[in-house]
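Colleague: I am new to this one. Could you show it to me, then take my questions?

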Amino acid sequence: MTSNGLDSKTPSGPMAEKWTRHKFDMKLVNPANKRKYTVIVVGTGLAGASASATLSELGYKVKTFCIQDSPRRAHSIAAQGGINAAKNYQNDGDSVYRLFYDTIKGGDFRSREANVHRLAEVSVNIIDQCVAQGVPFAREYGGLLDNRSFGGAQVSRTFYARGQTGQQLLLGAYSALMKEVTAGGVTLFPRREMLDLVVVDGRARGIVVRNLLTGKLESHAGDAVLLCTGGYGNVFYLSTNAKACNVTAAWRTHKKGAYFANACYTQIHPTCIPVHGDYQSKLTLMSESLRNDGRIWVPKNPEDKRPPHEIPEADRDYYLERKYPSFGNLAPRDISSRSAKEQCDAGRGVGPTRQAVYLDFRDAIERLGKDVIEARYGNLFQMYERIVDDDPYKVPMMIFPASHYAMGGLWVDYNLMSNLPGLHVLGEANFSDHGANRLGASALMQGLADGYFVIPYTLSHYLGSTKLEPVDTNHAEFKKAEEEARARIDKLLSIKGKRTVDEFHRQLGLLCWDKCGMARDEKGLKEALQEIPAIREEFWQNVTVTGAGEDFNQSLEKAGRVADFLEFAELLVTDALHREESCGGHFRVEHQTEDGEAKRDDEHFAYVGAWEFKGVDAAPELHKEPLVFEEVHLATRSYK
Amino acid sequence: MSTKINLTLKVWRQKNAQTPGHFETYQARDIDTDASFLEMLDVVNASLEREGKEPIAFDHDCREGICGSCGAVVNGQAHGPERETTLCQLHMRKFRNGDTVTIEPWRAKGFPLIKDLVVDRSAFDRIIAAGGFITVRTGQAPEAHATPVPKDKADWAMDAAQCIGCGACVAACPNASAMLFVSAKVTHLNVLPQGQPEKTRRVLNMVAQMDKEGFGNCSNHYECEAACPKGISVKNIAKMNRDHLVASIAG
Ligand SMILES: Cc1cc2nc3c(=O)[nH]c(=O)nc-3n(C[C@H](O)[C@H](O)[C@H](O)COP(=O)(O)OP(=O)(O)OC[C@H]3O[C@@H](n4cnc5c(N)ncnc54)[C@H](O)[C@@H]3O)c2cc1C
Ligand code: FES
């Protein structure tokens with residue numbers, strides 16, 4: 001069953017004025033009344049930390065939760081390359097409109113125009129805010145900010161702090177958050193994992209969390225819930241995401257009625273350290289910024305076994321430069337990843353597993369000198385050497401694509417509110433701004449845009465225009481959610497089977513990677529739809545989870561997350577199977593042009609696919625939000 | 001090239017703060033030298049779990065050396081034998097077949113033990129809350145280029161700001177002092193023009209909170225710098241002491 005009626009609540013009026021007008025039209029909450037509202041924020045990455053701090057500054061009572069022992073350790077900390085903003089400090093032709101356009105095009109025309117325009121508008125305020133907080137962005141000798149280029153753009157609009165931009169931005173947001181803890185507006189709940197959303201009279205009114213130190217379940221009631229819980233890239237097991245990244249909060253919320261949109265839009269990042277052994281627990285990203293100076297190539301002849309430096313120019317294929325002369329090594333991620341796969345599938349892969357391509361700095365070192373390269377990428381080179389035991393100043397890096405980011409996520413309207421009133425979703429956890437492919441340096445921008453500059457207005461609008469009855473944690477819905485969570489924990493502990501949680505996760509991940517990774521076809525997706533429920537069934541019969549429920553128990557934490565991935569994976573595959581077109585990160589083998597490029601079907605698929613949960617073993621129901629392009633003309637994406 | 005090695009592990013096991021802990025011996029077999037230290041622990045934990053035994057608890061998340069979650073004292077050294085390397089980035093090629101490896105939690109009054117190798121580092125959050133920020137509300141910020149920051153100052157701030165808050169400095173210090181951690185944040189903010197208005201309050205409040213948390217004093221052993229996975233310099237401590245002195249006189 002499908003319905004076409006999903007309302008994005010996009011304001012009317014010219015694109016460039018929508019947000020400004022909407023800000024005026026929205027309801028406000030009287031300053032004296034704000035402290036009467038409690039806002040629950042789950043997550044302390046860029047989105048959650050910035051939202052918590054800002055809402056507290058406005059006067060709301062904020063309760064903030066995260067899994068890690070400190071909010072400063074959220075996954076955002078690991079972002080390396082940078083953050084985009086349309087400052088045009090380089091005078092190279094950038095503008096709000098160009099950032100908007102690049103993002104729409106980069107997303108392969110599958111994002112909502114009005115959201116993306118707003119994102120580009122507020123991008124400039126983000127940089128101002130971060131600088132004022134003391135974020136030590138890279139500067140030039142004149143004391144002004146430096147920029148670099150990132151994939152999918154022909155201007156330099158990326159701000160960075162060495163190879164640790166995410167760290168510095170998160171520490172900025174975290175400092176703002178801690179300032180509000182001291183001011184009394186924010187109460188922190190670290191080492192808590194959200195296990196369920198509590199819905200009362202059709203509105204999100206609280207959460208149930210497990211205290212990871214004691215194992216006890218706790219209920220928290222509020223007037224609105226903000227989910228800022230990051231992406232689901234770990235469904236593939238091996239990914240660049242931190243180990244605790246999960247789909248649990250989003251999935252349990254989905255099971256309570258929130259629609260999940262575009263699950264099949266997953267980003268496979270082209271430059272990661274390749275897989276090398278079955279003990280491996282994660283894949284490490286080598287920042288996209290390396291593609292500014294590194295050249296990607298493979299030997300032309302699959303039989304060529306010479307070490308890379310002995311292979312002469314004539315026998316190398318710089319395939320990105322050949323195929324996409326105007327963007328070259330800076331082609332967008334989906335295209336670069338697929339090209340690497342194409343080369344490896346054709347037998348031209350390098351290294352022991354032949355599942356890798358070269359990223360070579362020889363020419364850049366010759367042209368600029370080792371010192372310059374070291375200053376630009378020193379910490380990345382060091383990280384590479386530590387992991388691989390090869391010196392990238394001398395031997396080209398070997399890289400291969402890996403799961404990295406989730407464009408899909410919970411469906412939200414223009415106000416970042418889900419179809420479930422009161423539930424708002426920010427950052428990577430929502431689906432909203434990146435369409436079918438995210439451009440580099442845009443996730444940090446979106447997380448902070450949502451938290452600092454969007455939600456403070458739209459949440460006030462919700463609270464100011466809604467009559468909320470008082471609700472506390474004695475309400476039957478809280479008790480019910482707690483009981484369900486407890487029953488599930490007891491069940492996991494009672495199985496006492498033979499296989500570890502990680503074994504199941506690895507098995508699921510491999511299946512998703514093979515059948516729903518960089519290339520997908522009907523046959524494979526249908527096979528996956530058979531195999532996932534079988535793995536899930538075995539999991540619930542044969543997993544081993546040691547320890548007790550009311551104790552610090554990392555096995556149990558992992559088991560709960562993998563149990564959710566085992567359900568979510570089916571939605572990922574269902575969405576991929578239904579989308580009979582190729583766009584961005586979603587490449588259906590059946591839908592490609594003669595030269596192997598993604599072939600969109602705008603006539604039938606220019607919509608957001610938002611799924612409604614109907615039961616673990618029942619088919620979900622599809623709701624469509626048609627995508628209307630007022631500003632940018634739908635065109636075939638070309639980076640040639 | 002990678003090879004396989006066997007190790008004997010002596011691991012600190014402690015159920016919780018109330019129960020006394022002890023060393024337990026485990027054999028780690030067929031460990032790939034390309035594996036990271038935490039991946040080696042994963043292998044050991046998987047075999048414990050298959051036997052129905054509780055795995056060794058340890059904090060970790062990014063496994064890229066940036067979140068600051070991981071850390072243990074390995075053969076007497078915080079984060080193990082490799083300089084400027086977190087435990088998650090330490091690779092097994094640094095060990096030899098047949099080695100015995102001792103693994104213990106951070107031990108410090110300011111970091112109460114939670115379980116096995118997991119300790120409570122929330123004192124660091126409270127120190128930041130005491131003053132490790134610039135008071136600016138969202139929306140108040142002037143245009144980013146309104147205040148140029150000399151490159152050397154920006155670089156100095158960045159050097160200090162790289163701290164990942166792992167606590168190795170405290171674990172390595174004979175006095176369990178947190179001076180390196182605190183001074184890194186004080187320096188980061190106090191050298192920037194944006195941090196000037198609160199310079200005095202910041203250093204006084206953060207140091208006061210540090211003392212309250214039960215961390216020891218610095219007596220210039222410099223073990224902290226040697227253990228720091230991010231190479232944070234003890235010069236920051238000197239800078240903080242200067243700022244503190246000036247602030248105390250002014251205050
Ligand atoms: C290696 C790497 C490098 C990257 N580099 C860049 C880059 O250079 N530029 C860029 O723009 N983007 C980059 N990205 C992407 C970007 O970092 C992320 O998309 C972004 O940081 C996500 O922020 P977030 O606030 O949405 O979520 P996260 O930072 O993932 O935070 C999620 C928060 O939710 C909490 N949480 C999750 N589940 C639960 C639960 N059930 N209960 C309680 N709390 C929960 C976590 O504890 C955490 O606090 C990179 C990503 C990776 C993996
Ligand atoms: S796990 Fe993040 S620093 Fe080691």
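**Around ligand 1**

Colleague: Which side chain has an N or O atom 2.7 Å from an oxygen atom of ligand 1?
Modeller: This is a predicted model, where local features need pLDDT of at least 70, side-chain atom pairs count only at pLDDT 80 or more, and totals for chains, interfaces and linings use all residues. Residues are numbered from 1 along each chain as its sequence is written, chains are lettered from A and ligands numbered from 1 in the order written, and side-chain values use heavy atoms, without hydrogens and water. An oxygen atom of ligand 1 lies 2.7 Å from an N or O atom in the side chain of E428(A).

Colleague: How much of the accessible area of ligand 1 does the protein cover?
Modeller: Accessible areas come from the Shrake-Rupley method with a 1.4 Å probe; for residues, only the protein chains shown count as cover. On its own, ligand 1 has 1000 Å² of such area. The protein covers 98%.

Colleague: Which element gives the most to the shell around ligand 1?
Modeller: Helices (H or I, at least four residues) and strands (E, at least two) are DSSP runs, numbered from the N terminus. Those giving two or more residues to the shell are α3 (46-58), β7 (192-200), β16 (397-406) and α12 (443-464) of chain A. With three residues, the top contributor is β7(A).

Colleague: Which side chain has an N or O atom 3.1 Å from a nitrogen atom of ligand 1?
Modeller: A nitrogen atom of ligand 1 is also 3.3 Å from a polar atom of Q80(A), but that one is in the backbone. The side chain at 3.1 Å is that of N246(A).

**Elsewhere in chain A**

Colleague: Is D564(A) buried or exposed?
Modeller: D564(A) is in helix α16 (residues 554-578) of chain A. Buried means under 20% relative accessible area, exposed over 50%, partly exposed in between (1.4 Å probe, protein chains only). D564(A) has 0% relative accessibility, so it counts as buried.

Colleague: Which residues does D564(A) touch?
Modeller: Contact means heavy atoms within 4.5 Å. Residues up to four places away in sequence are not counted. That gives V247(A), T248(A), W251(A), R252(A) and R488(A).

Colleague: Which residue just after α4(A) takes a positive phi?
Modeller: Helix α4 spans residues 96-106 of chain A, and its buried residues include L99(A) and F100(A). Just after this helix, a positive phi of about 55° is taken by D108(A).

**Chain B**

Colleague: What share of the residues of chain B count as buried?
Modeller: Chain B has eight helices and seven strands. Chain B has 251 residues. The buried share is 58%.

Methods. A polar contact is a pair of N or O atoms within 3.5 Å; within protein, one must be able to donate a hydrogen and the other to accept it, and residues adjacent in sequence count only if both atoms are side-chain atoms.
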